[in-house]
Amino acid sequence: MTRASLDKQPHEVASMFDGVAANYDLTNDVLSLGQARLWRKEVAKAVGARPGQHVLDLAAGTATSSLPFAATGAYVVPCDFSLGMLREGKKKHPWLPLTAGDATKLPFKDDVFDTVTISFGLRNVQDTDAALRELYRVTKPGGRVVICEFSQPTWAPFRTVYTEYLMRALPPVARAVSSNPDAYVYLAESIREWPDQPALAALLQKAGWGKVAWRNLSGGIVALHRGTKQ
């Protein structure tokens, strides 16, 4: 599966995220109506990082998502393809080993991490299948993947309201709070085109992950997918 349908090349997506880096965390809180912080807490629980473990936080952006893992005593590597995001993250969290990397060709050896996780970034990768295989490659045998991504609300009437919010309300709100509102129009479109819960689970299994399962958050607006490297 690729993201070519959204007509943006990887360098264009990276540039887009560079443009929203300064206000990224604030914008996410506003657009998610405060739910983003709840979702981060659920990701932290699902990852269950422990002292001494190695955790890869892919598409970490400004590394806000990496902080809960670091707080447990785990060694966390925030990785992102947007240099603008990484620069902003380094200003805020200079002690973290922020690393530039492409999700389809990660700059890490095989079997390095106890857990790999990516939140709200997988749908922005040009080749989803390649990214899932790369995550599998760098994970230790017995290690886990945790993916937090926008998905499809399970209740049909709510799904209709949600879609209307994405395509009508999100862009004008983004114009008020974001440094690059056009980026959020792209994000709304990418959410609408993203596979639903069972389809993403199937992609994980295709990439080699076992014990694949998911849990819905906020009525299915977001889903937490998990898998284990056999």
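How many disulfides does a search of the whole structure find? The search finds 0 disulfides, a disulfide being a pair of cysteine sulfur atoms within 2.5 Å. The model is predicted, so to speak of local features takes a pLDDT of at least 70 and to count side-chain atom pairs takes pLDDT 80 or more, while totals for chains, interfaces and linings use all residues. Residues are numbered from 1 along each chain as its sequence is written, and side-chain values use heavy atoms, with hydrogens and water left out.

**Cysteines**
- Cysteine 79 is buried, at a relative accessible area of 0%; buried means under 20%, exposed over 50% and partly exposed in between (1.4 Å probe, protein chains only).
- Cysteine 148 is also buried, with 0%.

**Aromatic rings**
- The whole structure holds 5 aromatic pairs: rings of Phe, Tyr and Trp (its six-membered ring) pair if their centres lie within 6.5 Å, and planes under 30 degrees apart count as stacked, over 60 as edge-to-face and the rest as tilted.
- One of them joins tryptophan 39 and phenylalanine 120, which are tilted because their planes meet at 45°, with centres 5.6 Å apart.
- Tryptophan 39 is buried at 5%, and phenylalanine 120 is buried at 18%.
- Phenylalanine 108 and phenylalanine 113 form an edge-to-face pair, their centres 5.2 Å apart and their planes at 90°.
- Phenylalanine 108 is buried at 16%, and so is phenylalanine 113 at 2%.
- Ring pairs also link Trp39, Phe120 and Phe150 into a cluster.
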